[in-house]
Amino acid sequence: MRLCRLHFKNLNSLAGEWNVDFESPEFRGGLFAITGPTGAGKSTLLDAVCLALYGRTPRLERVNTSGNEIMTRGERECFAEAVFEIGGERYSAFWSQKKSSRKGAAREWQAPKCRFSRLGGGEEVLADSVSSMAKKVEEVCRLDFERFTRTVMLPQGGFAAFLQADGADRAKLLEELTGAEIYRRISREVYDRTKRERFELEQIRSSQAEHAPLAEEVRAAAQRRAAVSETREKELRAREKTLRQALDWYDRRDALLARRAEYEQARCELNGEQTAFAPQAEDLARAERAAQAGDLYAALTRGRSRLDAAAGDLERLEKDAAAGAQRREDAERRRVSAAEDLALLKKEHGEQAELWTKVHDLDREIESHALRCHEQETRIAELESSFAAGDAQDIAVLAELNQFKFEAEAMNKSLAGAREEKEQAMAAMYRADLSMLSSRLEEGKPCPLCGAVHHPAPYQRSVLQEEELKLHQNAEKAARKVTDLERKLASMQEKIAARQMEHKRLSTMGQTAQRSLLDARETLARGQENLEARQRARRELFGERRPEAEAAKLKEKLAAAESSLAEADALRHQSALDAARTETELAGVREDLAALSGELAAAQAQFAERLKRLGFAEESAWRAAALSEEVVAALRARLEELQRREEALRSQALLLDEEERALGPVPELAAADLTAALEACGNELTELLKNRGADEQMLRHDDECRRRLGELREAEARRRKVYELWSDLNDRIGSASGDQFSRYVQGLTFRRLVRAANLQLEQLSERYRLKVAADDALRLDVVDLWQGGEVRTSRNLSGGESFIVSLALALALSHGMREVKVDSLFLDEGFGTLDEETLETVLDCLNRLRERGKLVGVISHVKTLRERIDAHLTLTPGPGGHSLLSGPGCSRLG
């Protein structure tokens with residue numbers, strides 16, 4: 001993690017908005033000092049970094065709506081922004097807070113606002129609330145606030161905290177610095193997992209007791225009972241089958257007797273129906289004999305029908321011929337009338353054509369004059385709109401011109417007052433300069449202005465310095481005010497000149513537009529007079545009628561007359577054609593009528609010969625015997641049905657006789673005795689199956705218990721192995737509080753940290769080395785190599801020795817962070833306790849850190865340190881308890 005830029009406003013004594021760019025060329029050396037007198041605000045720079053990242057500082061645990069002690073007094077807002085780089089990515093952390101703007105608000109401070117962003121092609125906001133930002137910063141930097149102030153930012157009062165801590169505090173610090181909380185969670189998880197595995201093992205053992213198997217003698221007795229039950233079941237089922245067969249004989253006999261009764265009833269019914277159908281059978285025989293002459297009778301009937309139809313056609317055609325002659329006469333009269341109407345309409349069309357031409361000419365002239373009048377009206381409307389717009393614009397320009405003149409007059413008055421104030425301020429400043437000059441006079445020495453050697457006016461140095469500074473500031477302020485008013489007045493006069501020119505231009509345009517409007521109105525009046533004259537002439541000539549409509553009406557009448565004439569011609573032609581066709585049909589029908597008469601006489605003679613041969617005396621006897629096809633079909637179907645029923649009854653009688661022979665001998669027991677025996681056999685079989693089912697269920701349950709018990713024993717063996725593994729691990733690292741594994745890991749981390757700190761101590765001091773106490777894995781002892789390797793506690797060190805050892809531990813912690821690479825380090829105390837030789841050694845060590853590419857900032861007012869470090873950020877106290885920040889990369893933005 002490397003700090004790139006720090007941007008803040010109104011923090012402690014640094015009032016205003018400041019920016020420090022740590023990527024300036026002066027910081028390429030890596031080592032810089034933050035210097036200034038005590039209380040000037042050196043630690044405020046470190047506070048700004050912590051505030052931007054975590055919303056708190058080492059000296060303020062929280063900054064929220066309840067209080068803000070870091071904002072510069074008298075200001076209403078403050079903020080801090082830190083831009084840093086980590087893992088090749090650049091990030092921005094921003095924090096700000098304002099005072100409440102409403103009087104009487106419940107809280108004096110508004111809630112802080114935060115934003116954490118990734119910078120690249122564009123800003124990607126990762127978090128925008130206090131809670132989410134703290135989590136996101138810790139996720140990206142892998143440092144919470146405590147670890148940050150132990151490895152990157154070492155504040156006042158916390159530099160030697162790790163060195164002076166006891167075992168418990170040091171364990172807590174190690175956990176915060178190295179993120180060892182995960183080992184505490186692992187220890188608790190191992191302890192909890194061991195408890196769960198023990199519980200699961202006990203559950204399996206208790207389940208085994210719930211699945212105890214049957215005793216072997218009980219199981220063998222149940223198996224024997226089941227075998228005997230199977231043998232007895234076979235005997236009972238054979239007995240049951242025999243009884244059912246015997247009982248079935250009685251059922252089959254009863255069914256046979258019922259069917260025999262049904263047969264006798266059906267035979268009686270069929271005999272009655274056959275007797276009733278005998279007359280109808282004779283009618284069917286005569287109808288079948290008469291059907292042999294049916295074809296000749298059908299032909300005779302068709303001949304008679306054709307002859308009657310031909311006679312009807314002859315009568316109809318004779319009537320049609322008379323009607324056709326009448327239609328020819330009507331068509332001729334209609335044609336003559338249509339020709340006369342058409343001639344009259346053609347004459348009227350010729351007379352109206354000349355009038356329509358005159359009306360068309362007048363209509364074109366009226367349309368042309370109306371179009372010109374409309375165009376003129378449109379132009380007048382545009383001129384009136386343009387004139388009104390120009391007039392409104394001119395009024396607005398005049399209003400602005402008057403306003404500008406009023407403001408210019410006010411500015412002249414303000415300028416006169418400002419010039420008077422400037423003259424007074426300059427006079428006061430000159431008087432102050434004279435007073436300052438008089439303050440440098442010494443009694444007995446001549447004045448450079450008047451030469452006097454006696455100077456009676458005493459001089460109060462501190463008062464005059466403050467007054468002179470204030471008078472100079474007032475003079476500069478008055479001069480700036482005069483210059484600003486003169487510039488504004490010049491700008492206002494330019495605006496007045498521009499508005500005057502615009503007013504003149506708009507007045508000229510308005511006069512031109514008014515003349516054009518008068519000309520256009522005169523032209524419109526003349527055009528309207530011409531239009532009205534032509535409209536009167538048109539009304540006198542043709543009224544309000546339209547020539548096209550009148551012509552269309554007359555044209556429709558002509559077309560109708562021509563159509564009527566054509567229809568009359570067509571009707572006359574069609575009448576002639578119909579008369580010729582009717583005459584032709586009459587001749588054909590007369591010929592057909594003669595032929596049909598001869599054919600009908602021949603058919604009559606042939607039919608009479610057939611009737612005589614079939615035994616029918618005349619046609620009426622034959623018609624009485626002949627039946628319709630439907631009646632014949634119904635009678636024939638009835639006869640066939642009776643024949644089928646007769647055949648079915650013969651087959652049924654044969655089948656009944658056969659079944660009676662196959663019934664066999666009568667059983668030994670009566671039907672009631674057979675039923676009782678069968679019921680007893682069924683009851684015994686039911687009881688037998690019930691008892692055997694209970695035994696089989698008991699055996700199946702015992703099989704399931706034995707199978708489940710085997711599975712439980714296998715599961716117990718597997719679970720015992722897992723439990724033994726977790727139990728062994730729990731004995732080593734598990735505990736309910738999580739301390740056991742955490743202390744073990746912290747001990748490893750502490751020993752690694754001590755080795756790293758000794759590597760730093762080799763460069764800082766030849767005298768001291770660190771070691772882990774033999775009786776406490778988290779206690780730190782110091783070995784004094786100059787005293788023969790004497791071991792003493794870390795609390796028994798002087799201030800300078802404590803600083804050296806603490807610095808070594810801090811550097812070891814900074815280098816030992818595996819989660820994130822720390823490329824920035826800030827130290828805020830302790831250099832004043834070092835002698836010159838040790839200070840040189842410390843500076844050499846810090847320079848080596850610089851050579852590794854780290855950015856190291858040192859806060860101190862030690863003179864030697866300021867001389868050895870080239871890059872300085874200097875804080876200079878000013879009036880009102882405020883300080884000024886200067887140095888490379890520093891700029892004040894407001």
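**Notes on the model**

1. Asn10 counts as buried, at 3% relative accessibility; buried means under 20% relative accessible area, exposed over 50%, and partly exposed in between, with a 1.4 Å probe and protein chains only. Asn10 is placed in strand β1 (residues 2-11). Its phi is positive, at about 55 degrees, although Asn10 is not a glycine. Most residues other than glycine have a negative phi.

2. On the basis of these values: the model is predicted, local features need pLDDT of at least 70, side-chain atom pairs count only at pLDDT 80 or more, and totals for chains, interfaces and linings use all residues. Residues are numbered from 1 along each chain as its sequence is written, and side-chain values use heavy atoms, with hydrogens and water left out.

3. Asn12 also deserves a look. Its phi is near 50 degrees, a positive value in a residue other than glycine. Asn12 is found in the loop between β1 and β2 and is partly exposed, with a relative accessible area of 26%. Helices (H or I, at least four residues) and strands (E, at least two) are DSSP runs, numbered from the N terminus.

4. The sheet is open and has seven strands, in the order β7-β6-β5-β4-β1-β2-β16, with antiparallel pairing; two strands pair if DSSP finds at least two bridges between them. Its edge strands are β7 (124-127) and β16 (890-892), each of which pairs on one side only. From one strand to the next the twist averages 20 degrees. Axes here are lines fitted to C-alpha atoms, for helices over the stretch in contact, and angles run from 0 to 180 degrees between N-to-C directions.

5. Strand β4 (residues 77-86) runs antiparallel to β5 and is joined to β5 by 10 bridges, with Glu85 opposite Arg90 in β5. β4 and β5 form a hairpin with two residues between them, and Gly87 in the turn has a positive phi of about 60 degrees.

6. Strand β6 (residues 113-119) is also antiparallel to β5, and seven bridges join the two. Phe94 stands opposite Arg115 in β6. Arg115 lies over the face of Phe94, at 5.0 Å from the ring centre; the criterion is NZ of Lys or CZ of Arg within 6 Å of the ring centre and within 35 degrees of the ring normal.

7. Ser100 is found in the loop between β5 and β6. At 16% relative accessibility, Ser100 counts as buried. Ser100 and Arg76 are 24 residues apart in sequence, and their C-alpha atoms are 8.3 Å apart in space.

8. The structure holds nine aromatic pairs. Rings of Phe, Tyr and Trp (its six-membered ring) pair if their centres lie within 6.5 Å; planes under 30 degrees apart count as stacked, over 60 as edge-to-face and the rest as tilted. One of the pairs is Phe22 with Phe32, with centres 5.6 Å apart and planes at 40 degrees, so this pair is tilted. Phe22 lies in the loop between β2 (14-21) and β3 (31-35) and Phe32 in strand β3, so the pair ties together parts that are 10 residues apart in sequence. Phe22 is buried at 7% relative accessibility, and Phe32 is buried with a relative accessible area of 0%.

9. Tyr54 and Phe145 form an edge-to-face aromatic pair, 5.7 Å centre to centre and with 75 degrees between the planes. Tyr54 belongs to helix α1 (residues 42-54) and Phe145 to helix α3 (residues 145-151), so the pair ties together parts that are 91 residues apart in sequence. Tyr54 and Phe145 are both buried. Separately, Phe22, Phe27 and Phe32 form one aromatic cluster.

10. Helix α7 (residues 216-276) packs with helix α13 (residues 629-662) at an angle of about 155 degrees, with the axes 10 Å apart. The two helices are therefore roughly antiparallel; angles under 35 degrees count as roughly parallel, over 145 as roughly antiparallel, 65 to 115 as roughly perpendicular and the rest as oblique. α7 passes α13 in a left-handed crossing, where left-handed means that the near helix is turned anticlockwise from the far one by less than a right angle, and right-handed that it is turned clockwise.
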